[in-house]
Amino acid sequence: MSGVALVIVESRKGVPARACVEALGKARAIGMDTIALACGKDPAAAAAAIAPYAGVVVAAGHESLERYSAAAHVAIAARVARERGASLVVAPATPTGRDLAARLAARLEAGYAADVCGIEAGPEG
């Protein structure tokens, strides 16, 4: 499988959630280029921590991103997905990740699968 996978990074105190690292690894394992999106008031620590696992890291920092805001976070994720040509978007299976992913799928007019435990490429990629 080829293409670009955008992984939404959730973090606490600059430490990315383990699920985000795992998602980046799974996307790489099926041959996708990976982009990690870290949002927050100051996402530098999370971006630096996730960098070894992602091909590209996009850090979006602003005061309004200190707490999760569906409107703000979805707008940023949609913009990055479109600009970078993401064919797959992965978010952690947390309340925030589920909310963001469902709203993002609607914004992008794309499919949405919740609570996926694994992904692999089929015979045709």
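Biologist: Is Thr34 buried or exposed?

Modeller: Buried, with a relative accessible area of 4%. Keep in mind that this is a predicted model.

Biologist: Where does Thr34 sit?

Modeller: In strand S4, which covers residues 33-40.

Biologist: Which backbone nitrogen lies 2.9 Å from a polar atom of the Thr34 side chain?

Modeller: That of Gly55. Beyond four places in sequence, Thr34 is also in contact with others, including Ala5, Leu24, Tyr53 and Val56.

Biologist: On to the sheet. What is the strand order?

Modeller: S5-S4-S1-S6, four strands in an open sheet with parallel pairing.

Biologist: Which strands stand at the edges?

Modeller: S5 and S6 (88-90). Each has a single partner strand, so one side of each is left without a neighbour in the sheet. On average, neighbouring strands are turned by 20 degrees against each other, direction ignored.

Biologist: How many bridges join S1 to S4?

Modeller: Six. In that region, Val7 stands opposite Ala36 in S4.

Biologist: And the helices? What does H1 touch?

Modeller: H1 (residues 18-29) packs on the sheet and touches S1, S4 and S6. Its direction makes about 175 degrees with that of S1. H3 packs on the sheet as well, touching S1, S4, S5 and S6. The angle between H3 and S4 is about 155 degrees.

Biologist: Now the largest nonpolar core. Which residues touch the most other members?

Modeller: Leu6, Ile8, Leu37 and Leu104, out of 16 residues. S1, S4, S5, H3 and H4 each supply at least two residues.

Biologist: Where does the largest share come from?

Modeller: H3, with five residues. Another core, of eleven residues, lies apart from this one; Val7, Val9, Leu24 and Ile50 are among them.

Definitions and conventions:
Residues numbered from 1 in each chain as written. Predicted model: local features only at pLDDT ≥ 70, side-chain atom pairs only at ≥ 80, totals over all residues. Heavy atoms only, no water. Buried < 20%, exposed > 50% of the residue type's maximum accessible area, 1.4 Å probe, protein only. Polar contact = N/O pair within 3.5 Å; in protein donor to acceptor, adjacent residues only side chain to side chain. Contact = heavy atoms within 4.5 Å. Core = buried A, V, L, I, M, F, W, Y, C linked by side-chain atoms within 4.5 Å. Pairing = 2+ DSSP bridges. Axes fitted to C-alpha atoms, helices over the stretch in contact; angles between N-to-C directions.
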